[in-house]
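Dear colleague,

Here is the structure we talked about. Please open it alongside this message; my notes follow below.

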Amino acid sequence: MRDVLKTVLFRRSSAMVVEECRRCGTTVGSTAANCPECDCEEIVRYTIQ
Ligand SMILES: [Zn+2]
């Protein structure tokens, strides 16, 4: 597990937002407008409770 993810989980136990490329499934940064892998602009945002 990445340190960033741990920090988010331990900081608060509420929802966590994940952004993922709709085409290839790559997890992208929250500020990214395009997928770094396939340059797709369709970024899916969903929340993990
Ligand atoms: Zn992609």
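Where does P36 lie? P36 is in the loop between β1 and β2 (43-48); strands here are DSSP runs of E, at least two residues, and helices are runs of H or I, at least four, numbered from the N terminus.

First, the ground rules. This is a predicted model, in which local features need pLDDT of at least 70 and side-chain atom pairs count only at pLDDT 80 or more, while totals for chains, interfaces and linings use all residues. Residues are numbered from 1 along each chain as its sequence is written, and side-chain values use heavy atoms, with hydrogens and water left out.

Back to P36. Its relative accessibility is 60%, so P36 counts as exposed (exposed is over 50% relative accessible area, buried under 20%, partly exposed in between; 1.4 Å probe, protein chains only). Leaving aside neighbours within four places in sequence, P36 is in contact with T26 and V28 (contact means heavy atoms within 4.5 Å). P36 and C21 are 15 residues apart in sequence. Their C-alpha atoms are 9.0 Å apart in space.

The zinc site

C21 is one of the zinc ligands. The zinc ion is coordinated through the SG atoms of C21, C24, C35 and C38, at 2.3 Å. Donors are N, O and S atoms within 2.8 Å of the metal (3.2 Å for Na, K and Ca); water is not among the atoms, so sites may look incomplete. Along the chain, the donor spacing is C-x2-C-x10-C-x2-C. The four donor atoms subtend angles of 104 to 119° around the zinc ion, which makes the arrangement tetrahedral (for four donors, all angles between 85 and 135 degrees). C21 counts as buried because its relative accessibility is 2%. C24 has 39%, so C24 counts as partly exposed.

E19 and R45

E19 sits in strand β1 (residues 16-21). E19 is buried, with a relative accessible area of 7%. Beyond four places in sequence, E19 touches several residues, including T26, V28 and I43.

The whole chain

From the N terminus on, the order is α-β-β. Of its 49 residues, 14% count as buried.

Best wishes

Definitions and conventions
Tetrahedral: all angles 85-135°; square planar, octahedral: opposite > 155°, others 65-115°.
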